[in-house]
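User: I would like to go through this model by question and answer. Please start with how the chains pair.

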Amino acid sequence: MITTTSLYDQLTSLYKEKRNDTESPWLTALREDAFKAFARNGFPTTKQEDWRFTNIAPFLKDDFLLSPGEASLLSTKKTANIPHLDAHEIVLKNGMLNEDVNIPGVTISPLRTALKNDRFKDYLSKHISLNAQPMAALNTAMFEHGIVIEADKNSIVDKPIHITHIYNAAEPVFVQPRLLIIANKGSKLQVVESLLIIGESPIFINSVTECYVAENAQADHYILQTTPGNVRWINFYQAVQKADSLFNNYTYTLPGGLLFRNNLHLDLNGTNTESHLYGLYLTGPGQLTDNHTCVNHLNPHCFSNELYKGVLMKDSRAVFNGKIFVQQDAQKTNAFQQNNNMLLSNNAIIDSKPQLEIFADDVKCSHGSTVGNFNNEALFYLKARGIGEAAARNLLVNAFAFDVTNKIQIPAVQEYVEKLITKKMAEAYDQQ
Amino acid sequence: MSNKSDDILEEYSNKEYEFGFVTDIEMEVAPKGLSEETIHFISNKKSEPQWLLDWRLKAYQSFLKQPEPHWQNFELPKVDFQDISYYAAPKSGAKYKSLDEVDPELIATFEKLGIPLSEQKVLAGVAVDAVFDSVSVATTYKETLKEHGIIFCSISEAVKEHPELVQKYLGTVVPHSDNLYAALNAAVFSDGSFVYIPKGVRCPMELSTYFRINTQNTGQFERTLIVADEGSYVSYLEGCTAPKRDENQLHAAVVELIAMENAEIKYSTVQNWYPGDKDGNGGIYNFVTKRGVCRGAHAKISWTQVETGSSITWKYPSVILQGDYSSGEFYSVAVTKNKQIADTGTKMFHIGKGTKSRIISKGISAGEGQNSYRGLVQVSAKAEHARNFTQCDSLLIGDRCGAHTFPYIESKNSTATIEHEATTSKIGEDQIFYLNQRGIDTEKAVALIVNGYAKEVLNQLPMEFAVEAQKLLSISLEGSVG
């Protein structure tokens, strides 16, 4: 049952005409498999459990340009500026890396060049179930640009790596960037990703990021989704952890953009791993934010903790679906998950589905989910002390978000996110 | 796991089903197969009015159109609907005036089951409408109930004697097209219970029905309809034990509850159908649709269930909270062992203002049992100040079982408060150690801990049932020490 849209047909014909013979045979074969999976399943529909609350069909209707113009056409000097952030800056224009970047202990190369090397065969799409993930399959079949970030063995990267994606949305575009992050044994790196859109036309981003954290390595990944514009972003994130590794993911979605769908999958492929997944979504007018996470405990003695908090304003909609799988061998697992929501408007809708699937007995797993509003007593307390309604609200929302924002380990990013919350809330309520 | 507990586990797994016996009574059985003729046959046998036949036929059409569900968390065994006989009645006649007229074999069966049909058991204060396969055999305490104006009879009797009530309420909560199994039930339901509590009446006793599947290959399709008029109260008990069979049997019942303004319905179930043997052969498929609606303000519906039997239990007793300030409750203990599967939970639809719901679900998985909680809490935009609290805990005994939770939470109202929490763990070694230290052996310690774990739900059961439920729980736990 495939819903064929004109976009589906366009993509299909583009794939057929664009056979690239210069690619390694393994990549061609992978793309072929991925394409078959996408062609068979088509774009996801609300009939599928994973997409039942998020209908992407209306976001696919525009007449998209599938191959955005050359990066050189984009002459902007802008970058997503995070004040006081001391980082190695990487700018990807329309998905392309144009300049050489030298970061000690890290190799950064354009994806196309890197994939000539057969060793990436063991990484690319290795853990993604192409059949179950049609959008990731589409990206795998057709991605053109992207980068590989590889931290050398035992290298501690001194500063965060800040990647800014800049897209030219002068006309409607459909882009499929791809990111591969490899933290080799004993290495440590931090990646911050932000998005900048130039132009008012619709842009549909179907991105895939894979992050491999080897033994004893640590990787932190911050994804900041806070751009204004007519943005629809579907991100598939696959992280794989080996023994004794640490992985932290921070996904912050703020008003701006129409659709954000984050799929975060984490496979714990070794023992003694630790993982933290933090998410915050503050949704603005007309926005749909959907976070689907899946933590797969495959080995014993692993710890995972997930905390997602949401504040819904105006006629926005948010979806949270958190899955924890504890497989039979994964004894002594500790897995926690929590999702708290504040619904600030009667026009907002929240769908929360925390889900546990446990096949081992010696485990400690829990999940919690709440939906509520401001605590009226707290609001009254503040107002009674001369704090205005708006300021009191701000204070309470900031306090609510604090559990997630104070987990940010880069002070500049934390400050940036906190300020944005205040700003975006003010914007939403000034429109009243 | 120690060797000793392995032994116990094995011993218990090999244990024969206690209630496995077959009553040898000649039955009048409809030929196997499902078609419009079958429905005409059933309707004819029961001399039903035309409207009911039409309704059954509509349901049958809807049944034909519906695909088999595919969203459940287990593999749905293929049920051959044509290989089931849809009507079975004891041949010795269906109407009895006193116990003496009842076939002694039948009485013996009920006695084995401990159903209080005989005089002394009546003293227990339980009125029983015993369904033997499909036809009501005897109903006790009818007179007392009559004094209060309470109607408690089999649904076929109600169709004859109170057609206006049945017609008014039947299928209003679970429509004939609700789902595949509900449609099947509507098309072929053989019997069941009907309860009507008039305005302002507090039912003086617990009403109870025992169902029992007896004839081989006869699926049971009960339909229960309970209407509590304004300001009334009723507590209803449902319990099941089925004889041992090697072939799987389908049980697709429908229960509809309607609570008017200020009325309260308490519905308790202890389910102990044959769970199949340790390799998962045989056993009952218990695919049930249960739903209640709080029609008026301040109405209350409470579901309590203890599920220990059936090879597959698949049901979601739900409450539609339509009236303002109405409340719904769901208390559940589900035990799965061997290869049993339980996919159960509840749905709470908050529609009225100030509606409240409370969900307590306790799953216990042992052996290779799979236990799923699947629930929905939905707050509509008009349900100002709706309140929900959900807790679903799972206890795992053994490393080959599974516990799953699939809660759906949807809110469209900013004044609603919803809380959900779930935990999964095994029995703490420290707890067992503590009890061992005090001279309580591991087996008893586990029983103690589990009983404590399930207490919150068991406490909700009426006295008559709490004892049976505790016993069932202990039996289920025997040898599951891990």
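User: In which sense do strand 20 of chain A and strand 24 of chain B pair, and over how many bridges?

Analyst: This is a predicted model. Strand 24 of chain B covers residues 417-426. One bridge joins Lys364(A) to Ser425(B) in that strand. The pairing of strand 20 of chain A with strand 24 of chain B is antiparallel, and the number of bridges is eight.

User: Which element gives the most residues to the side of chain A that touches chain B?

Analyst: The contact takes 32 residues from chain A and 33 residues from chain B. On the chain A side, the elements that give two or more residues are strand 20 (364-372) and strand 19 (349-358). By class, that side has 13 nonpolar, twelve polar and seven charged residues. With ten residues, the element that gives the most is strand 19 of chain A.

User: What ipTM does the predictor give the complex?

Analyst: The pTM of the complex is 0.84. For chain B, the average pLDDT is 79, and 76% of the residues score at least 70. The ipTM given by the predictor is 0.83.

User: How many contacts beyond near neighbours in sequence does the stretch 211-218 of chain B have in the model?

Analyst: Residues 91-97 of chain B have a pLDDT under 50, with eleven contacts beyond four places in sequence. Residues 211-218 of chain B are also below 50 in pLDDT. Where pLDDT is low, the predicted coordinates should not be read in detail. With that caution, the number of such contacts in the model for residues 211-218 of chain B is 30.

User: How many residues of helix 9 of chain B are buried?

Analyst: Helix 9 of chain B spans residues 180-188 and is mostly covered. Its buried residues include Leu180(B), Tyr181(B), Asn185(B) and Val188(B). The buried residues pack against several elements of chain B, among them helix 2 (36-45), helix 3 (50-65) and strand 13 (284-294). Of the nine residues in helix 9 of chain B, the number buried is nine.

User: How many residues of helix 1 of chain A are buried?

Analyst: Helix 1 of chain A, residues 6-17, reaches 17 Å from its first C-alpha to its last, close to the 16 Å expected. The helix is hardly covered. Among its twelve residues, the count of buried ones is one.

User: Why is His148(B) classed as partly exposed?

Analyst: His148(B) lies in the loop between helix 6 (142-147) and strand 5 (151-154) of chain B. Leaving out residues up to four places away in sequence, His148(B) touches Val201(B) and Pro204(B). A residue is buried at 20 or more other C-beta atoms within 10 Å and exposed at 12 or fewer. His148(B) is partly exposed because its count within 10 Å is 15.

Note on methods:
Residues numbered from 1 in each chain as written. Chains lettered and ligands numbered in written order. Predicted model: local features only at pLDDT ≥ 70, side-chain atom pairs only at ≥ 80, totals over all residues. Contact = placed C-beta atoms within 7 Å. Helix = DSSP H or I, 4+ residues; strand = E, 2+ residues; numbered from the N terminus. Nonpolar A, V, L, I, M, F, W, Y, C, P; charged D, E, K, R; others polar. Pairing = 2+ DSSP bridges. pLDDT = per-residue confidence, 0-100. Expected span 1.5 Å × (residues − 1).
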